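This briefing goes through one structure topic by topic. Look at the sequence and the 3D view first, then read the points below.

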There are 2 protein chains.
Amino acid sequence: WFIPVSRGLASLKKPASLFDPLDTFTERHIGPDDAEVAKMLETVGYKTMDDFINATVPSKIRITVNGISNDSIKPFSESQLKAKAKALGDQNKMFKSFIGMGYHCAVVPPVIQRNIFENPAWYTQYTPYQPEISQGRLESLVNFQTMVSSLTAMDIANASMLDEATAAAEGMVMAFVSGHFKKKTFVVDSAVLPQTIAVLQTRAKGFGIRIIVGNVDSLLQSENAKDICGVLVQYPDVNGTIRDFSQVAEKIHSTGGILVAATDLLALTQLKPPGEWGADVVVGNTARFGVPTGYGGPHAAFFAVKENLKRKMPGRLVGRSRDAEGKPAYRLSLQTREQHIRREKATSNICTSQALLANMAAMYAVYHGPQGLLRIADKVHGFTQVFVNTVSGFGYELVNSSFFDTVTIDVTPVLANTELLHKKALDAGINLRIIDEKHVGATFDESVTPQELVSLINVFASAASASPISLADLTEPKQQSIPESMKRTSPFLPHPVFNKHHSETEMLRYINHLASKDLSLAHAMIPLGSCTMKLNSTSSMIPLSWPQYGNIHPFAPYDQVQGYHAVIKELEDYLCQITGFYAASLQPNSGAAGEYTGLCVIRAYHESRGEGHRDICLIPLSAHGTNPASAAMAGLKVVAVKVHSDGNLDLEDLRAKAEKHKDNLAAFMITYPSTFGVFESGVQDACKIIHDNGGQVYLDGANLNAQIGLTNPATCGGDVCHMNLHKTFAIPHGGGGPGVGPICVAEHLAPFLPSHPAMPVKSKDAIDAVSAAPFGSASINLISWAYIKMLGGKGLVDASKIALLNANYMAARLSSHYTLRYKNENGRVAHELLIDLAEFDKAAGLKVADFAKRLQDYGFHPPTCSWPIQTCMLIEPTESETLEEIDRFCDAMIQIRKEAEDIITGKQPKDNNLLKNAPHPISVMTLPGEKWTRPYTREEAAYPLPWLHEKKFWPTVSRLDDAYGDLNLICDCPSVEELASA
Amino acid sequence: WFIPVSRGLASLKKPASLFDPLDTFTERHIGPDDAEVAKMLETVGYKTMDDFINATVPSKIRITVNGISNDSIKPFSESQLKAKAKALGDQNKMFKSFIGMGYHCAVVPPVIQRNIFENPAWYTQYTPYQPEISQGRLESLVNFQTMVSSLTAMDIANASMLDEATAAAEGMVMAFVSGHFKKKTFVVDSAVLPQTIAVLQTRAKGFGIRIIVGNVDSLLQSENAKDICGVLVQYPDVNGTIRDFSQVAEKIHSTGGILVAATDLLALTQLKPPGEWGADVVVGNTARFGVPTGYGGPHAAFFAVKENLKRKMPGRLVGRSRDAEGKPAYRLSLQTREQHIRREKATSNICTSQALLANMAAMYAVYHGPQGLLRIADKVHGFTQVFVNTVSGFGYELVNSSFFDTVTIDVTPVLANTELLHKKALDAGINLRIIDEKHVGATFDESVTPQELVSLINVFASAASASPISLADLTEPKQQSIPESMKRTSPFLPHPVFNKHHSETEMLRYINHLASKDLSLAHAMIPLGSCTMKLNSTSSMIPLSWPQYGNIHPFAPYDQVQGYHAVIKELEDYLCQITGFYAASLQPNSGAAGEYTGLCVIRAYHESRGEGHRDICLIPLSAHGTNPASAAMAGLKVVAVKVHSDGNLDLEDLRAKAEKHKDNLAAFMITYPSTFGVFESGVQDACKIIHDNGGQVYLDGANLNAQIGLTNPATCGGDVCHMNLHKTFAIPHGGGGPGVGPICVAEHLAPFLPSHPAMPVKSKDAIDAVSAAPFGSASINLISWAYIKMLGGKGLVDASKIALLNANYMAARLSSHYTLRYKNENGRVAHELLIDLAEFDKAAGLKVADFAKRLQDYGFHPPTCSWPIQTCMLIEPTESETLEEIDRFCDAMIQIRKEAEDIITGKQPKDNNLLKNAPHPISVMTLPGEKWTRPYTREEAAYPLPWLHEKKFWPTVSRLDDAYGDLNLICDCPSVEELASA
Ligand SMILES: Cc1ncc(COP(=O)(O)O)c(C=O)c1O
Ligand SMILES: Cc1ncc(COP(=O)(O)O)c(C=O)c1O
Ligand SMILES: O=C([O-])O
């Protein structure tokens with residue numbers, strides 16, 4: 001009968017005044033209450049929190065207490081926040097957008113909305129590095145991959161990319177790499193989405209690729225074929241035309257180049273897929289598959305390739321392998337953690353991607369199936385056709401005779417220019433695509449109702465002084481405008497999973513069944529070092545479900561998005577306050593994208609001073625893999641800086657290298673507190689060395705949770721930093737994404753922050769776009785905005801303090817059982833701790849993975865494994881975990897230590913023991929009695945500690961066989977035949 | 001590698017027109033697609049659906065196809081429904097209500113809102129009759145019971161009652177029963193809530209209780225003490241006064257009567273609890289503990305008693321018992337299914353109650369804990385005090401010098417009457433309690449913000465021509481208005497569960513952990529006969545979360561609730577169409593309440609014709625236990641009617657009894673199709689017999705799902721019927737409630753439908769209220785309204801047809817393995833089937849429960865057991881289950897049949913086998929190898945069929961020991977001491 005006692009009786013305090021709100025967030029967000037804090041301080045050896053913080057954070061870098069406070073960031077209670085979010089949401093005008101350009105208003109199936117988008121069991125999961133407790137979302141991601149490869153007719157697809165523009169950029173780089181970095185020209189058709197072209201421009205710079213934009217057919221004639229590594233086309237193109245690029249494919253293939261096609265999955269239900277006309281790489285986004293537009297994001301983009309390119313794909317790839325019992329099971333393929341981001345010659349830095357949105361899109365395909373998708377496509381095309389037919393009758397001229405859902409209309413037969421039409425559209429609450437003086441564009445999607453179609457048509461009627469039509473006048477078109485030769489003839493999505501869960505009950509059960517296989521924050525602590533898996537509060541998530549935020553097109557006129565801009569502005573201000581910097585950009589969609597953006601900004605700064613040659617980037621050996629990868633992508637040469645055996649940066653090595661490269665020194669990248677989990681006291685000295693040698697300091701803010709209100713990147717000496725809003729600022733990890741990686745910069749770098757084609761004002765020095773949408777994954781910024789507002793200044797600082805205390809308490813408890821690798825001169829770690837398991841390997845061949853898998857048997861998600869040091873575990877509890885949960889985790893670790901001792905002493909064999917055989921799924925428990933040949937009991941395997949009897953999360957498969965999976969790469973879901981023969 | 005193939009490739013059909021919506025509901029609601037339907041028809045032996053229906057539903061009672069169609073009920077797609085619900089919601093004006101009278105605006109903690117209220121894993125559960133797969137909600141209900149008994153200081157509390165008024169009525173009846181039906185007077189204090197008094201009046205009639213309303217103190221002096229069975233008081237009373245009823249208690253106890261106290265749990269955090277001043281029964285509602293007001297309901301009421309009354313409590317009572325392994329586990333106590341509704345001398349008919357809302361309220365207490373509740377109470381009291389202090393300054397006079405959250409104000413020192421004040425309040429968007437010309441009332445709750453307090457005060461200022469105050473003028477009061485002698489001194493909620501889950505993370509994990517123990521529709525079919533566990537669609541649930549519906553006071557003026565009334569009116573119309581009747585009342589909160597209401601209406605009808613003496617009610621022996629119980633409560637004498645061995649009503653017996661009682665025949669109650677799962681062809685004849693003998697026919701509509709558009713209660717010959725909206729019309733069961741049991745009546749009965757004190761118009765013949773709120777559980781009516789609108793006429797009829805087909809297909813598959821008990825002359829069952837397991841008891845001592853518990857091992861919720869026949873299972877698949885799921889269930893049943901065969905033939909021992917030992921939780925699987933002494937393998941226990949390897953729901957405990965639990969009644973959660981000693 002187990003109910004442990006945690007928070008004391010007095011955990012909810014009386015507010016200072018009767019008129020203060022009671023639904024304050026800090027006490028719900030922070031795990032330990034006052035009594036627990038007192039106990040932890042005692043264990044760690046301090047009388048007061050101040051003493052503890054003083055011993056932990058170097059005094060040199062401390063900021064004054066007044067830095068972040070309730071005066072600077074006023075706390076909102078949960079209900080106050082809701083009211084505020086509502087009021088701002090109401091300032092967004094929900095116009096009907098026919099803008100298109102890669103963004104469509106999606107219809108989210110309610111069963112997916114409620115059970116994935118609004119379900120913490122899905123959205124609080126982490127990237128599935130631990131496949132045994134992640135089979136549910138791995139299966140769903142395989143559905144995503146299958147959906148993409150089937151619709152595009154490509155051999156293999158990943159899961160997933162940040163957005164279509166960056167996916168296209170990865171395609172360009174793949175072409176460049178395939179041309180062995182020698183063919184420097186990349187041809188881009190001018191009818192590719194403008195935001196994609198902008199992002200390509202940015203990306204091309206770092207690699208020294210030359211982009212030529214124009215008509216592909218003529219460019220392939222006119223340009224030097226030998227120098228062209230690849231071509232990018234849009235299918236259908238931005239104006240709606242369905243072009244046949246098979247000649248382009250032949251041409252580029254004839255000189256060994258690569259054809260990259262950006263496309264639209266819904267259109268591919270009707271159109272001959274790129275895989276059938278010669279594309280080598282196919283990219284696009286899946287937002288219209290049931291993901292709210294959200295003023296630009298987040299949503300999942302895809303990346304699909306032909307067989308020969310599969311081992312070069314960026315991003316995450318899920319494959320089928322088998323477990324220790326030989327049963328099929330899913331896992332991330334071709335990549336242990338960050339392995340795909342190779343330090344040297346990295347061409348991609350993608351880490352956090354868009355897992356949650358990929359799952360939503362995949363589930364949309366599961367729910368609709370091929371027939372359902374087809375009928376949606378039929379409707380979309382049919383509405384477009386009706387529109388064209390009717391407005392042609394008013395005298396407007398259709399420019400593109402072939403189309404799926406997008407048309408370009410020449411207004412000049414009727415009107416002098418487009419002005420009146422746009423005005424009338426706005427009056428009717430409609431946004432049209434602005435093309436030029438003579439042309440407007442209109443794109444249709446699933447959400448358009450017949451009534452809205454009529455309203456749109458009547459805008460055109462009115463501008464042409466024709467009489468308005470009514471619903472009854474709508475007639476079904478007889479023709480289709482998809483050229484016969486470009487029609488799809490091949491089947492798609494024949495796999496059982498897309499052909500059975502079509503009733504809501506079945507869909508619900510499928511979603512629920514997959515969720516039941518996955519451990520999330522709804523189950524237990526996920527103490528992943530560097531990932532900051534803290535509470536993702538319901539209050540901060542709720543506004544995302546509101547149409548006032550969900551249904552906004554990213555290119556909607558600014559005056560329609562005042563609510564969004566209020567949120568964006570306030571969030572930028574808060575982030576500047578917290579980092580000590582001057583300006584911010586929310587455009588980057590992930591931490592790694594933030595790194596890349598920051599480095600591009602630094603390069604632009606140097607260039608503006610005539611120092612464009614500065615191209616050396618110093619990076620400590622302990623850095624996260626994305627750091628050198630981002631540097632390489634920004635065209636920087638990475639020079640490694642040593643780290644002392646005490647975990648601190650080798651300042652002498654740094655100085656030597658900075659001085660050596662002083663003429664070409666561009667930047668230094670440093671993570672603070674370090675990836676070893678320590679506040680180094682020499683950080684300011686390090687930064688000074690860099691500045692003295694003409695470089696700029698990039699601070700990787702992944703560990704910002706340790707800093708808030710205690711120190712900040714500016715004080716540490718940085719010039720720019722990114723933040724992972726999906727770490728420090730409580731955006732849920734969503735099983736591997738979405739993320740937001742904004743950057744903050746010092747004043748001198750502000751002019752260089754990224755611009756975007758859809759931004760009305762643009763600094764002349766600004767770098768080009770880094771994301772497809774001007775404000776990146778705009779909708780989820782709401783979460784961090786809410787998080788900051790609800791904690792307020794004091795709550796934010798308290799959260800950082802408790803994050804530090806929780807980690808130090810854990811260090812105190814674990815250090816008598818394990819080797820704590822690094823601490824500062826006072827014996828303190830920062831917000832995470834590294835324990836080294838090397839001794840166990842030596843003594844008994846026990847690896848980090850054996851400890852990690854065994855932790856699964858205790859119901860915990862293992863900490864970060866073998867990073868930043870191969871033999872270590874990096875543990876980060878965050879402030880949201882209570883003392884009880886932390887003790888539970890420590891108890892588990894200590895018990896495993898005992899189990900290891902039995903192996904070391906020979907009580908248990910080295911090759912057949914609780915750790916090597918971990919995890920133990922139920923299927924192993926039910927082996928018939930006589931088959932149980934293990935040298936321990938089932939009870940010891942499953943219930944090593946008493947509380948597991950009451951609450952235990954069961955892994956659903958045995959340990960995965962990584963090698964087998966990488967050798968036998970199978971990345972789609974089982975077919976009918978496979979199932980039949982199984 | 002198991003993924004079964006279900007729906008065919010073409011399951012989503014193209015709509016008839018391009019302009020028809022694609023998100024049509026019918027194809028998502030109904031499980032089988034066309035191909036599956038064809039296959040099932042073939043198995044059952046029919047070429048067409050029409051042939052099948054003709055063989056199933058007697059032709060005599062068929063209604064024309066035009067009865068229910070898309071013309072009469074126009075289908076709305078899911079998004080159209082959402083738009084409609086939104087538009088109507090916007091017609092409800094969200095005034096701030098200070099009306100009080102038992103209803104307060106609740107603040108729902110977001111983590112509870114999202115993870116219980118909006119979580120199908122909680123709301124689609126069934127009543128926990130199967131404890132082994134229901135430990136989660138059973139634990140939560142014990143928390144509810146503990147919360148109530150601790151706050152009220154009573155010995156034991158149940159979970160739960162429908163509303164405060166009916167709970168008070170049950171208290172009155174308990175007093176009457178305790179007085180051995182001899183003391184006929186029940187004294188009600190005039191300051192009890194008026195709606196409670198109205199419901200008592202109704203209820204008193206049936207029992208022949210005489211209610212006297214007045215000042216309790218004087219009534220106890222003036223009335224004949226010997227005839228008084230009990231007293232009802234309100235604490236604090238309706239006007240806000242905190243009265244000391246200890247003298248009343250002494251007085252009534254001195255003559256052996258009972259003191260019933262209606263109270264408010266939040267007030268009890270501050271006030272001396274009723275258990276400490278002599279109450280024997282304490283009732284009230286828990287809505288302010290985080291349950292949206294919803295224009296009246298649903299919410300959970302409570303019922304707590306002293307030790308000596310505990311075995312007489314109505315409603316559901318959860319207790320701690322132990323399982324077959326001797327481990328503690330929860331279960332419903334003192335009641336096998338419906339046992340508490342005894343046919344003879346029933347005094348309560350409560351079946352469906354308010355489990356989901358009880359869980360929400362309990363979780364609210366878990367989240368806030370004693371300290372959190374106290375600070376909420378402090379705020380509420382403090383605001384009330386500030387209000388009083390300020391408006392007294394304007395000259396208004398406080399009537400009640402003691403109060404917790406409610407004050408009565410005499411306006412006459414300032415104003416001639418209250419008119420101006422009410423007008424100004426309405427202008428400010430505020431509702432005050434209307435008392436009389438001179439007095440207004442105001443009640444405060446947790447949701448009131450300081451700004452709203454200021455607005456309220458300024459209404460009073462303005463009416464008094466005083467200058468308005470501002471936020472800055474608010475000052476904390478120095479005094480409290482709770483009399484010293486009435487202050488609470490005893491602690492409450494010391495149990496660990498109320499003192500640990502105070503961070504959102506911990507709360508989320510607790511909710512998620514409990515949910516993980518419970519099987520719901522999110523896991524598998526719940527084929528409970530008579531319960532119609534069909535899809536509860538997300539689209540129909542979403543509007544419940546909107547404040548436009550959630551935050552409406554049940555006594556708000558009609559012009560503020562136009563949206564609600566549009567929904568109510570439309571729903572009533574639909575129900576009349578579907579039943580063939582003339583008028584409807586949505587007031588009853590459950591099916592049983594509907595029965596009771598219908599019978600009261602029949603009695604009133606007879607009375608209106610001078611035939612008030614008619615008091616005989618004929619009820620077939622096969623009827624649900626609530627039927628005779630409701631009849632008894634309505635003052636009717638139950639006469640049982642025989643049933644033939646073929647399952648049909650014995651018409652001769654009916655005729656004989658009807659004729660015998662013809663002078664006193666009041667009613668006949670019949671369930672159609674019968675509880676045996678057959679459409680009897682003689683139903684019209686039976687009704688004619690009744691009518692010929694002066695009786696009225698009550699049709700129990702629990703099985704209406706079999707009828708829609710094929711026949712209807714009016715055509716069958718009924719005069720009145722109830723519907724279980726929580727069965728046929730898709731309100732989720734919520735783990736045992738809420739429910740809605742509206743009645744529809746023929747024209748001659750319409751004038752007698754229930755009234756309510758808060759209804760402006762009242763038919764002179766109307767019976768008094770049957771529920772506390774005028775439209776019962778108003779908010780959840782939205783679900784049925786949405787369900788009907790989204791299916792439209794055709795979808796509704798199709799749903800009934802498929803419900804019949806699914807059951808008949810199941811019958812066809814199972815009948816070669818089991819004894820199908822009843823079918824019609826064509827061999828057809830209705831929408832459910834009865835299989836008889838008597839032979840297994842004879843052959844091998846195997847009981848129904850053994851089959852049921854074994855089904856749990858297959859991941860299914862067992863069907864209804866031992867009702868309506870002890871040796872049977874009643875199985876109802878509903879239309880929402882796919883062929884695949886039905887086949888899975890049939891496969892499981894057939895496999896169990898094989899397992900039974902092994903026991904019959906002696907292959908397996910009779911006392912130690914797969915059935916007798918079922919269910920097998922994981923804990924049994926992990927018994928160390930040497931302890932596994934069973935004559936079958938673990939694999940046979942856990943995975944008897946291959947698909948269980950992929951998907952299996954595990955019971956969390958072994959079979960419950962019922963006898964032990966009933967002997968050792970423990971109905972609260974473990975205390976600190978208990979846990980410490982465990
Ligand atoms: C130290 C550090 N830097 C950068 C990143 C990259 O961030 P993202 O995954 O958002 O791209 C991470 C992610 O774990 C990290 O831990
Ligand atoms: C035939 C029948 N009548 C009446 C009822 C009572 O309905 P409720 O539980 O809503 O009170 C039930 C409930 O299962 C039933 O099956
Ligand atoms: O209790 C019943 O729901 O039948």
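Helix α20 (residues 591–608) of chain A supplies the largest share of the shell around ligand 1, namely 3 residues. The model is predicted.

**Ligand 1 and chain A**

- There are 15 residues around ligand 1, and those that come nearest are Thr352(A), Ser530(A), Asp700(A), His726(A) and Lys727(A).
- The shell around ligand 1 is made up of 3 nonpolar, 8 polar and 4 charged residues.
- The side chain of Thr352(A) has an N or O atom 2.6 Å from an oxygen atom of ligand 1.
- At Gly591(A), a polar backbone atom is 2.7 Å from an oxygen atom of ligand 1.
- Asn724(A) places a polar side-chain atom 3.0 Å from an oxygen atom of ligand 1.
- On its own, ligand 1 has 390 Å² of accessible area, and the protein covers 99% of this.

**Ligand 2 and chain B**

- Ligand 2 has 14 residues around it, and Thr352(B), Ser530(B), Asp700(B), His726(B) and Lys727(B) come nearest.
- Helix α20 (residues 591–608) of chain B gives the most to this shell, with 3 residues.
- By type, the shell around ligand 2 holds 3 nonpolar, 8 polar and 3 charged residues.
- An N or O atom in the side chain of Thr352(B) is 2.6 Å from an oxygen atom of ligand 2.
- For Gly591(B), a polar backbone atom is 2.6 Å from an oxygen atom of ligand 2.
- For His726(B), a polar side-chain atom lies 2.6 Å from an oxygen atom of ligand 2.
- Ligand 2 exposes 390 Å² when taken alone, of which the protein buries 99%.

**Where chain A and chain B meet**

- The contact involves 102 residues of chain B and 102 residues of chain A.
- About 9000 Å² is buried between chain B and chain A, with 58% of it on carbon and sulfur atoms.
- Between chain B and chain A there are 12 salt bridges.
- Glu950(A) and Lys517(B) form a salt bridge in which the closest N and O atoms are 3.0 Å apart.
- Polar contacts between chain B and chain A come to 39 residue pairs, with both residues at pLDDT 80 or more.
- On the side of chain B that touches chain A, the largest share comes from helix α13 (residues 355–393) of chain B, with 11 residues.
- That side of chain B consists of 47 nonpolar, 29 polar and 26 charged residues.

Technical notes: Residues numbered from 1 in each chain as written. Chains lettered and ligands numbered in written order. Predicted model: local features only at pLDDT ≥ 70, side-chain atom pairs only at ≥ 80, totals over all residues. Heavy atoms only, no water. Contact = heavy atoms within 4.5 Å. Buried area = accessible area lost by both parts, 1.4 Å probe. Salt bridge = Lys/Arg side-chain N within 4 Å of Asp/Glu carboxyl O. Polar contact = N/O pair within 3.5 Å; in protein donor to acceptor, adjacent residues only side chain to side chain. Helix = DSSP H or I, 4+ residues; strand = E, 2+ residues; numbered from the N terminus. Nonpolar A, V, L, I, M, F, W, Y, C, P; charged D, E, K, R; others polar. Near = heavy atom within 4 Å. Areas by Shrake-Rupley, 256 points an atom, 1.4 Å probe, with all protein chains shown as cover.
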